[in-house]
Amino acid sequence: MADAVPLPGQRPRSNLWLESRYRKLRRGLPQTVFFCPRCKGDRRRKRDCPDCQGFGKLTRESVQELIGRRVVPLMQAKEGRFHGAGREDIDVLMLGRGRPFVFEVVGARNPDVDLEALRRDIEARSEGQIELQPFVRVGRARVVYWKETHFDKVYRAEVAVAAPPSPDALAAALAFPGTILQRTPQRVSHRRADLERPRQLKVLALTPMADGAYELRVVCQHGTYVKEWISGDEERTQPSLATLLGTACKCRQLDVEEILTDDVDGPRLEPPAAPAEA
Ligand SMILES: [Zn+2]
């Protein structure tokens, strides 16, 4: 490796891990680099790629790039790696306290920077697309922690209905805390095993909107496909909001309102278990 030994006067390289949480305030922004599915961003293949016109990716930026393009040059690093605690769909906002992540800085020659100034710079240059909690220096183990620990989430959705639900159906949906059975959605079945999973879910609110749609708030177990729970995904999710309301439903907008990490207050699916008798 050419740079294993620093040249005279050159600082050695080190790796570091910065933990934070991001709020994503613009739809259409992916969490990580959205490589073109055809050419995969490959340097040679992208040149004549008809899908991305040589760009190699399908969006101009991502949460990862908004952070990395400030961090990597400032720290004189080789590259940055983004490790999120899960991810939301590209068209879904990430609100509340934000989604935890660790940004791994690889080969930094200048790691001792003002992290608060860096955070403010990233936010300002994102032009309102993302907001970040203060960075905290952590060890590599936090990457594993966020990858392996799962949290319930609160979602807010706008639901279009084919016909107005009856008052009884609305009451039944509102009273729904329970278990749903969800088969892997059709839209991801090409890259995920086709399984049927039980998931806990509780409706918090279902409020009529001015245009006849409904605003839904729901807390659900990690790994729940909320869009498919709303529509039923052609009976692959049972029961769905559509079956509870007795009319076809479609999610027209979705936000993650909160990720219920241990340090965040919010509506929990189950009350904490009572301490065992000694
Ligand atoms: Zn391409």
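Two strands count as paired if DSSP finds at least two bridges between them. Keep that rule in mind as you look through these views of a predicted model.

**Figure 1. Strand β6 pairs with strand β11.** Nine bridges link β6 to β11, a strand made of residues 249-259. The two strands run antiparallel. To find your way along this pairing, look for K153, which stands opposite I259 in β11.

**Figure 2. Strand β6 also pairs with strand β9.** Here β6, covering residues 153-161, is joined by seven bridges to β9, covering residues 214-220. This pair is antiparallel too. Which residue of β9 is the bridge partner of V159? The partner is Y214.

Figure 3. Most peptide bonds are trans. The bond from Q238 to P239, however, is cis, and its omega is near -15°. You will find P239 in the loop that lies between β10 (237-238) and α6 (241-245).

**Figure 4. E127 has a positive phi.** Most residues other than glycine have a negative phi. E127 is not a glycine, yet its phi is positive, at about 55°. Look for E127 in the loop between α2 (115-125) and β4 (130-132). Is E127 buried or exposed? E127 has 9 other C-beta atoms within 10 Å, so E127 is exposed.

**Figure 5. E234 is another residue with a positive phi.** The phi of E234 is near 55°, a positive value in a residue that is not glycine. E234 sits in the loop between α5 (226-231) and β10. How many other C-beta atoms lie within 10 Å in the case of E234? The count is 11, and therefore E234 is exposed as well.

**Figure 6. Stepping back, the whole chain comes into view.** The chain holds six helices and eleven strands. Along its principal axes, the C-alpha trace spans about 75 × 65 × 35 Å. Of the 278 residues in the chain, 30% are buried. Now think about contacts in the chain with a separation of 6 or more: residues 24 or more positions apart account for 70% of them.

Definitions and conventions:
Residues numbered from 1 in each chain as written. Predicted model: local features only at pLDDT ≥ 70, side-chain atom pairs only at ≥ 80, totals over all residues. Helix = DSSP H or I, 4+ residues; strand = E, 2+ residues; numbered from the N terminus. Buried ≥ 20, exposed ≤ 12 C-beta atoms within 10 Å, placed from the backbone. Contact = placed C-beta atoms within 7 Å.
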